[in-house]
Amino acid sequence: MKPQLKRLGLGLAAAVLLGALVAGSLLNRRTLYTTTWFDLFDTVSVVKGYARSQAEWDEQMDALHADLLHYHQLFDIYNHYDGMVNLYDVNARAATAPVAVDEDLYTFLDWCANTVYLQTDGATNIAAGAVLALWHDARESDTPAPPGDTQIQQALAHIDIGNLQLDAGARTVFLADEAMSLDVGAVGKGYAVELAAEAAEARGLDSALLNIGGNLRAIGEKANGEGVWTVGVENPWGNDPTYIQTLALPDGYSLIVSGDYQRYFEYEGVRYSHLIDLTTGYPAQYCSSVAILAPDGSGGTGDALSTALFCLPEESGRRVLERQSGFAALWMYPDGTTRQTDSWTGQAAQ
């Protein structure tokens with residue numbers, strides 16, 4: 001073969017190979033989709049991610065929604081659902097006799113009582129329903145006003161986690177104090193999001209960002225070589241800017257924020273949030289907001305810690321956090337200042 005013909009042949013082969021690589025890349029390129037739900041945990045849920053087709057995305061989202069809805073119903077303290085024994089049923093019946101529950105609910109309650117409560121020095125206490133109900137009713141009233149101090153002190157006498165009696169053999173729940181009730185709002189959503197995300201990963205979802213009412217959980221990275229998911233810490237003091245910091249959220253990590261700007265009412269110029277300091281029975285006022293960056297697979301613990309650190313002085317919160325591995329925190333204060341752990345990776349929003 002003449003040299004020029006050989007070079008021409010090599011050039012054609014290279015062009016064909018390049019064309020095949022480009023075509024393959026285009027065929028494998030995935031599209032960004034977004035799904036929004038309004039029926040989970042009394043909040044707005046948004047999931048965005050990448051799939052090869054609308055049908056593939058819809059199939060994944062239907063399964064994810066079904067998992068999240070299961071936990072929403074299981075942890076609901078205001079409504080009964082046919083076909084399951086949920087927390088509403090436990091609160092209604094378990095002070096009279098032990099109530100048998102399914103494995104999902106028993107495992108969750110056992111974790112809350114025997115792990116989370118200890119991890120947070122009691123600041124995240126699912127047995128505090130008597131106190132939380134007072135503030136919920138006040139917040140939802142047509143004329144919101146703080147409960148009376150006598151009511152609060154009486155309710156505080158009925159939040160002893162020791163009166164939540166769990167029988168692993170019979171898988172039952174018994175409330176030894178008839179005035180006690182369970183409320184898992186401080187931890188249930190993060191726990192549910194983590195389990196639902198893990199189930200979605202097992203089904204093959206490998207590129208998504210879940211935002212379930214502000215609980216963020218990354219699955220994989222963005223597709224098409226676009227890198228890790230980037231998320232923001234919401235501004236607790238106003239609307240400008242929307243976010244005060246941004247940070248990368250690696251695969252499996254979660255960002256959970258607790259703040260006094262999310263659910264609250266104002267009375268005589270004072271803001272009363274839904275996050276209650278269980279040492280006083282009144283809304284915590286240590287800071288405006290706390291953000292927790294939770295490592296791979298720890299979104300449930302991250303949710304519990306965000307509540308606990310909001311309801312504790314920073315010094316106490318740091319001690320709680322130091323006993324955990326891989327977590328980072330950002331505290332935001334009413335005067336506009338912030339403090340953070342050394343491991344916090346956020347950067348000022350541009």
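Is the crossing of helix 5 and helix 6 left-handed or right-handed? The crossing of helix 5 and helix 6 is right-handed, where a crossing is called left-handed if the near helix is turned anticlockwise from the far one by less than a right angle, and right-handed if clockwise.

## Basis of the model

The model is predicted, so that local features need pLDDT of at least 70 and side-chain atom pairs count only at pLDDT 80 or more, while totals for chains, interfaces and linings use all residues. Residues are numbered from 1 along each chain as its sequence is written, and side-chain values use heavy atoms, with hydrogens and water left out.

## The chain as a whole

The chain has nine helices and 18 strands; helices (H or I, at least four residues) and strands (E, at least two) are DSSP runs, numbered from the N terminus. Along its principal axes the C-alpha trace spans about 100 × 50 × 40 Å.

Of the 350 residues in the chain, 47% are buried, a term that stands for under 20% relative accessible area, with exposed meaning over 50% and partly exposed in between (1.4 Å probe, protein chains only). Among the contacts in the chain with a separation of 6 or more, 61% are made by residues 24 or more positions apart, contact being defined as heavy atoms within 4.5 Å.

## Helix 5 and helix 6

The axes of helix 5 (residues 129-140) and helix 6 (residues 149-156) come within 7 Å and cross at roughly 150°, axes being lines fitted to C-alpha atoms, for helices over the stretch in contact, with angles running from 0 to 180 degrees between N-to-C directions. This crossing makes helix 5 roughly antiparallel to helix 6, since angles under 35 degrees count as roughly parallel, over 145 as roughly antiparallel, 65 to 115 as roughly perpendicular and the rest as oblique.

From helix 5, Ala-130, Val-131, Leu-134 and Trp-135 meet Gln-151, Ile-152, Ala-155 and Leu-156 of helix 6. The residues of this contact divide into seven nonpolar, one polar and no charged; Ala, Val, Leu, Ile, Met, Phe, Trp, Tyr, Cys and Pro count as nonpolar, Asp, Glu, Lys and Arg as charged, and the others, Gly among them, as polar.

## Helix 2 and helix 7

For helix 2 (residues 54-74) and helix 7 (residues 188-202), the axes come within 9 Å and cross at roughly 150°.

Leaving aside neighbours within four places in sequence, Leu-69 is in contact with Asp-39 and Leu-40.

An open sheet of eight strands has the order 1-2-6-7-10-15-16-17, with antiparallel pairing; two strands are taken to pair if DSSP finds at least two bridges between them. Strand 1 (31-40) and strand 17 (338-340) stand at the edges, each with a single partner strand, so one side of each is left without a neighbour in the sheet. The twist averages 10° from one strand to the next.

Within this order, strand 7 (residues 215-220) and strand 10 (residues 254-259) run antiparallel and are joined by two bridges, with Ser-254 in strand 10 as the bridge partner of Arg-217. Helix 2 lies across strand 1, strand 2 (43-51) and strand 6 (207-212), at about 25° to strand 1, while helix 7 lies across strand 6, strand 7 and strand 10, at about 15° to strand 7.

Strand 4 (residues 164-167) and strand 5 (residues 172-175) run antiparallel and are joined by four bridges, with Asp-167 opposite Thr-172 in strand 5. Their hairpin has four residues between the strands, and there Arg-171 takes a positive phi near 50°.

Asp-260 is found in the loop between strand 10 and strand 11 (264-267) and, at 16% relative accessibility, counts as buried. Apart from neighbours within four places in sequence, Asp-260 is in contact with Arg-271, Ser-273, Cys-287, Ser-288 and Phe-310.
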